[in-house]
Amino acid sequence: MLQLQWLLLPQPLAPPPFHHRRSLRFSHHKHPSTFPRNHFPVRPCNNCTNNIISISDEEEEQESKESVKAYPFHQIENRWQKFWDENRTFRTPDEVDTSKPKYYVLDMFPYPSGAGLHVGHPLGYTATDILARFKRMQGFNVLHPMGWDAFGLPAEQYAIETGTHPKITTLKNIDRFRVQLKSLGFSFDWDREISTTEPDYYKWTQWIFLQLLKRGLAYQAEVPVNWCPALGTVLANEEVVDGVSERGGHPVIRKPMKQWMLKITAYADRLQEDLEDLDWPESIKEMQRNWIGKSQGAEVDFRVLSRDNQETGEKITVYTTRPDTIFGVTYLVLAPEHPLLSSVVSEAQQNIVEEYKEVASRKSDLERTELQKEKSGVFSGCYATNPVNGEAIPIWVADYVLGSYGTGAIMAVPAHDSRDHEFAKKYDIPIHWVVTSDECCDDFEKPFSGEGDVINSSSEKTGLDINGLHSKEAAKKVIEWVEKTGNGNRKVNFKLRDWLFARQRYWGEPIPVVFLDENGETVPIPETELPLTLPELDDFTPTGTGDPPLSKAVSWVKTVDPSSGKPARRETNTMPQWAGSCWYYLRFMDPKNSTDLVDKKKEMYWGPVDIYVGGAEHAVLHLLYSRFWHKVLYDIGVVSTKEPFKCVINQGIILGEVQYMACKDQEGNFVSAEFVDSLGEHTQERIPEEKVTKSGNSFVLKDDPSIRLITRAYKMSKSRGNVVNPDDVVAEYGADSLRLYEMFMSPLRDSKTWNTSGIEGVYRFLGRSWRLIVGSPLPDGTYENQTVTVDENPSLEQLKALHRCIEKVTDEIEATRFNTGISAMMEFVNAAYKWDKLPKSIIEPFVLLLSPYAPHMAEELWFRLGHLTSLAYEPFPKANPAYLQDATITLPVQINGKTRGTVQVEVSCTEDDAFKLASLDQKLSKYLDGKTVKKRVYVPGKILNVILERESTKVASR
Ligand code: ANZ
């Protein structure tokens, strides 16, 4: 099909527009001395475990002159991008041959911000693009789509400031992103492009919401939101900084409002359990586990006492994970928002408690639970009985206990919990030790939170005695006791909270429900009425009342219930930005389907995503929310897999260029960095890179190497002025260089610092590869339109170099170790520069190897090698094992199963020869001399194991 495309469409490369047509020279020619074809030295980099290619100092100058125009990337890249676009080269057909294996490789789709792409974007995108191109060449059907997560705050804020409709801003930004991505040569299937803001897309986001509603997984509840009275609006968490609004610095309070919630907690167990089988970074799994936060314990009732010590009939139920410490309880705590608080608080303490509640209401849960924050609280004036011994326990109110977790009340055990300990110390509350262990207790000043043997824990009154038991058994016995006596029960809790699913914003998906005028009843819109489109609005400013901006669309809000025809009001909250990104990977499988979210057969073929690459900032929420929706869709039969993403990879972040700082004493003299601690007050001065040189593992002043410098790198940000724009890099070095550089910087998952001289290194490598194959430039700076390869049989050395390179590049792509794959290609080019002739049969596979990394140059070379089709679907070269073996190998030798040494042997060495060599080896002979061999086990090329008779006296050989 591709060939056909090529022939039917104008052939952009015939003739190549940027050089002269000359008679073709196929023979290899020597290059002028200005373009040395000498060895490209490979030096291991000190900072990295992998081979980094670097240029020797002498070569540097010459190379950089050469690199002024290393190769004509401008023309090459434009032309091939146009070609791919016009031929839809990377389109994945709607119907594919499903007998072939599939590979779904996905990037976390971007929010199209006004700032355009930054250099962090191409990092993940290049990695996935290499995989996509590689798998296509290996015969897989590849799905490699791109789209836009385009609802969100910035477009709305921009609309408030300028009056420009968010739709216009969004479309403009999307256009810019698309142009930028295409300029990097990514092989996305642009026919599948989707945007979460398009009604055709959000129709299905709304449809999923209706399914959740039908199953009781979407509900409304009063929950606190960030209310800013001065701005008259509800703010998103990211708009609140240190308790004040980001814009204007006005105070923000927490105010309860009726909100849509999604019952993700119903899936807590499955979200936790199914993590186990996923090929995800352990760190993300751990973060998800912590977020879900499964904990096992008990709920225990403490009966409230009146002033005259009588039970009032009310009880405070606490949640504890340490029932074994129950005899150590010295106070109870109610969260300030606990519903029982107002009824238990004594008259004398009422005002203090009210004031405390007011202050606490201004804090977020995060601020309240920060461990470093000093604990605060007030006494309620009231007591409750500890069920295990009948003791009267004071009840306090403290905001380190959250109303939203467990039961919103705790039994505090200051001897064994650090927060309770800090609190008890501050308010002079008794501390009772009830657990002991070898690891604890030399210092009763500190709490002991570990498990151990229970002490001081029996009561004659109730008959419960857990003394001497280990914490685990003690906890079990207490739980059995409270269950038997009706004072509580076993309980599993999750940290995970239900998901607040409403925003008081315009630029989001409308929630497809109406409220009947007659009784406020919530009625879902029939699925046939979807999409419920956003009404046009000119004024996006807050209403001032806390009502969402959509309430200004009066004629849209006032409606009738489509089923009953009764007058009703539409919901004016919109969905949060997370909604659209929860399921987009499914839509890519079938983006134009108007009757279903995704066709069942297509989902069964393409699902799940094989590899999902994106930033670690999405480790918890996005990945958890989409897993939740996926599981709901699984339960209702829309998808066939339990999990959406088989493998997740987080690319590291790219920090700005390293800055070199020199320390100066008060007289203004430079002082080496190691003396800075003893220096006291000092200043630092930024030193330009050209005045810095490397010495060992540190950097020093070129002029005075005794002055060691401090190095640091910052996250790229506008305010620091260290942002690198990929457009500039592409203009100066070309997209292939940017791609190659981002892959070469360090392993994909590591954080890295940008370094412009590093990009020059890979740019030179590409130029070198180009001139190796095309030849040196003609006097006018243009190149021959053919290559210098020859139709001759390759030598064994050439075959070996090629097949080693194939093996390495293949292995490294499979293992997503792209940087070392590049090193292998650099080594190949070094070797090739020494050859007199370049057989075509050696260079062609090399060009194919290069193509996933530097696709523009590779396509151009492929064309010049005489091919009339794109190389995008050419079979990826396969390494031939015959050329991979070295003539000799190092054979490990074991004596009685223990490795005692090695011998150098020919690959084809026989067992007898291997044994003879071992017997002659100085190190090995001392184990073998005078011993009888009972048995020899020889695996050619791998190992020789010699088993000796115990009491033998002489060496025997078979
Ligand atoms: C007594 C106790 C003794 C506790 C001890 C701990 C150590 P996880 O693992 O996070 O579930 N807790 C319960 N509800 C709370 C709330 N709403 N806000 C703040 N803290 C709360 O932790 C459960 C433990 O955290 C519970 O066990 C409780 O303190 C506290 F040596 O009870 B524990």
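Reply: A residue is called buried when its relative accessible area is under 20%, and exposed when that value is over 50%. The model shown here is predicted. By that cut-off, helix α27, which spans residues 855-864, is mostly covered, with 10 of its 10 residues buried. Among them are Pro 855, His 856, Trp 862 and Arg 864. Just after α27 comes Gly 866, with a positive phi of about 100°. The word buried will be needed again below.

Now to the ligand. The shell around the ligand has 17 residues, and the closest are Ser 295, Thr 320, Leu 402, Tyr 405 and Lys 495. By type, this shell is made up of 8 nonpolar, 5 polar and 4 charged residues. Two strands, β13 (311-320) and β17 (409-412), each contribute at least two residues to the shell.

In Lys 495, a polar side-chain atom is 2.4 Å from an oxygen atom of the ligand. Thr 320 also uses its side chain: an N or O atom there is 2.8 Å from an oxygen atom of the ligand. Leu 402 takes part through its backbone, where an N or O atom lies 2.8 Å from a nitrogen atom of the ligand. On its own, the ligand has 650 Å² of accessible area, and the protein covers 88% of this.

For context, here is the chain as a whole. The chain has 958 residues, of which 54% count as buried. Its secondary structure consists of 29 helices and 39 strands. Taken along the principal axes, the box filled by its C-alpha atoms is roughly 105 × 95 × 75 Å. Of the contacts with a separation of 6 or more, 70% are between residues 24 or more positions apart.

Leaving aside residues up to four places away in sequence, Met 825 touches Phe 765, Cys 805, Val 809, Phe 846, Leu 849, Leu 850 and Tyr 853.

Two loop residues show how the cut-offs work in single cases. Ser 437 sits in the loop between β18 (435-436) and β19 (453-454). Its relative accessible area is 17%, so Ser 437 is buried. Apart from residues up to four places away in sequence, Ser 437 touches Phe 448, Glu 451 and Gly 452. Thr 98 is also in a loop, the one between α3 (73-87) and β3 (102-107). Thr 98 counts as exposed because its relative accessibility is 52%. Thr 98 and Phe 501 are 403 residues apart along the chain, and 38 Å separates their C-alpha atoms.

Terms used
Residues are numbered from 1 along each chain as its sequence is written. This is a predicted model: local features need pLDDT of at least 70, side-chain atom pairs count only at pLDDT 80 or more; totals for chains, interfaces and linings use all residues. Side-chain values use heavy atoms; hydrogens and water are left out. A residue is near a molecule or strand if one of its heavy atoms lies within 4 Å of it. A polar contact is a pair of N or O atoms within 3.5 Å; within protein, one must be able to donate a hydrogen and the other to accept it, and residues adjacent in sequence count only if both atoms are side-chain atoms. Accessible areas come from the Shrake-Rupley method with a 1.4 Å probe; for residues, only the protein chains shown count as cover. Helices (H or I, at least four residues) and strands (E, at least two) are DSSP runs, numbered from the N terminus. Ala, Val, Leu, Ile, Met, Phe, Trp, Tyr, Cys and Pro count as nonpolar, Asp, Glu, Lys and Arg as charged, and the others, Gly among them, as polar. Buried means under 20% relative accessible area, exposed over 50%, partly exposed in between (1.4 Å probe, protein chains only). Contact means heavy atoms within 4.5 Å.
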